[in-house]
Amino acid sequence: MSKQDGSGRQVTATPTDDTSASILHLDMDAFFASVELLTRPELRGKPVIVGHRGARSVVTAATYEARRYGVNSAMPMSIALRRCPNAIVLEPYYERYQEASRAVMAILGDVTPLVEPLSIDEAFLDVSGARGLFGPPYTIAQSLRARITHETGLVASVGAAATKFVAKLASSRAKPDGVLVVPEAETAAFLRPQPISALWGVGAAVAERLERIGARTVGDVADLPLPALDAAVGAAAAGKLHALANGIDPRAVTPTRLEKSIGHEMTFESDLHDRAALDRELLRLSDLVARRLRRGGWVARTVAIKVRFGDFTTLTRSQTIAEPTEVAQRLATEARALFAAAPTQGRGIRLIGVRAENLLPTGAVARGLWDDDESWREAEGTMDALAARFGRGAVQRASLLSTPERRRSALSGQDAPPASPEPPARA
């Protein structure tokens, strides 16, 4: 079994002309950390952690050198630095990761139109129709990896199998910098010795229930009678786990994957009570969300906020707006109204977030005769153009200039880290 530090790596050592493993799962190795090292090549081979140094920060990504100390994504930064005190900590920059992701996804699209992105740094490909041009799956996988490294300087691992589940599992076993092909006829042999945690949907609680009935490997789950599995995890989960354990996964690679939401969050170094500072933060987060909406060609029908208090209780509020928008000022106005109406008085705020939901393509929305946000839309479009030409720091809202530089942001949810603004933690 491959671990996050790369020990136990399993790869296909010699070329194979097997054509049954036509679904590929390509996963970038230590993606956020690797992107940072493109501009810091002197740090290659050293333990590097991407994330913020704040007391409440978590590890966004880590190089394999840092992982060998037991540093993992999503681990509290304080624990990571205790385990690896000589680690070099780099601030995350999500726009760099987005740019690298676009380059990688474009390369995948040159091989087959059947590309299903799962996140910023991984995707499924169905190469069954590309074999005539590019060869068997093993050859395609190696060619893709070589081209990605040549054109971006980054490294990818690839799993190839007859199903999505097995392909994804194979890519994790091939890390770092490897290819693992699992021919259809060898699926059971590959799956049976894997630990039950390899099955999708098996977390600590489900694993404990399975172990109580003697299931410790995927093969054990495959051999269990369905009634016993039903009793342990429930009928719905039992059917899915039994199918996966037996290598059954009928899902096809689906090339169109729409964004469901776009959001950013901010965790404060200490609980915040200052309402003016919170209002500024809502505007700053709205600005980040709106920028990503415009870059992706989306507008949002719903604005949501997330508030976490010092005691870790969390509330969310959302509002569907009359006109879908990609304008930061409109998002901020709605977010501030939601926050003002929430029961937050007298409570310290640990985390605050803004999210755009119910997304639509920009071209699918017709503007009304009177557009209340027209002037802001033009102003923010100008800011986008200036940022594209001179860099993101070239222009800034005057109302945000007083925000302390020590504050750090974190991207919530998929799309990611992640999220940057800090992206979601990645493997």
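Figure 1. Count them up and you get 15 helices and 13 strands. Keep in mind that this is a predicted model. Of the 427 residues in the chain, 50% are buried. The chain exposes about 19,200 Å², and 53% of that comes from carbon and sulfur atoms.

**Figure 2. Close-up of helix 1 against helix 4.** Here helix 1 (residues 31-38) packs on helix 4 (residues 94-109). The angle is about 100° and the axes sit 10 Å apart, so the two helices are roughly perpendicular to each other, given that 65 to 115 degrees counts as such. On the helix 1 side, the contact uses F31, F32, V35 and E36; helix 4 answers with R96, Y97, A100 and S101. Sorted by class, the residues of this contact come out as 5 nonpolar, 1 polar and 2 charged.

Figure 3. A30 belongs to the loop between strand 1 (23-28) and helix 1. Its backbone is worth a look: phi is positive, about 45°, although A30 is not a glycine. For background, most residues other than glycine have a negative phi. A30 counts as buried because its relative accessibility is 4%, and the cut-off for buried is under 20%.

**Figure 4. Helix 7 and its buried residues.** The buried set has K164, F165, V166, A167, L169, A170, S171, R173 and A174. Note that K164 and R173 are on that list along with A167 and A170.

Figure 5. Zoom in on the loop between helix 7 and strand 8 (179-181), where P176 is found. The peptide bond from K175 to P176 is cis, with omega near -5°. As a rule, most peptide bonds are trans. D177 lies in this loop between helix 7 and strand 8 too, and has a positive phi of about 60° without being a glycine. With a relative accessible area of 41%, D177 is partly exposed.

**Figure 6. Helix 9 crossing helix 11.** This view shows helix 9 (residues 204-212) packing with helix 11 (residues 226-233) at an angle of about 135°. Their axes are 9 Å apart. The crossing is right-handed. V206, R209 and L210 of helix 9 meet L229, A232 and V233 of helix 11. That contact has 5 nonpolar residues, 1 charged and no polar ones.

**Figure 7. L360 and K260, brought together in space.** L360 sits in strand 12 (residues 349-361). In sequence, L360 and K260 are 100 residues apart, yet their C-alpha atoms are 9.2 Å apart in space. L360 is partly exposed, at 29% relative accessible area.

**Figure 8. D373 and its contacts from elsewhere in the chain.** Look for D373 in the loop between strand 12 and helix 15 (374-390). D373 counts as buried, with 10% relative accessibility. Setting aside neighbours within four places in sequence, D373 is in contact with T325, V327 and R330. A328 is 45 residues away from D373 along the chain, with 9.8 Å between their C-alpha atoms.

Terms used: Residues numbered from 1 in each chain as written. Predicted model: local features only at pLDDT ≥ 70, side-chain atom pairs only at ≥ 80, totals over all residues. Heavy atoms only, no water. Axes fitted to C-alpha atoms, helices over the stretch in contact; angles between N-to-C directions. Helix = DSSP H or I, 4+ residues; strand = E, 2+ residues; numbered from the N terminus. Left-handed = near helix turned anticlockwise from the far one by under 90°. Contact = heavy atoms within 4.5 Å. Nonpolar A, V, L, I, M, F, W, Y, C, P; charged D, E, K, R; others polar. Buried < 20%, exposed > 50% of the residue type's maximum accessible area, 1.4 Å probe, protein only. Areas by Shrake-Rupley, 256 points an atom, 1.4 Å probe, with all protein chains shown as cover. Parallel < 35°, antiparallel > 145°, perpendicular 65-115°, else oblique.
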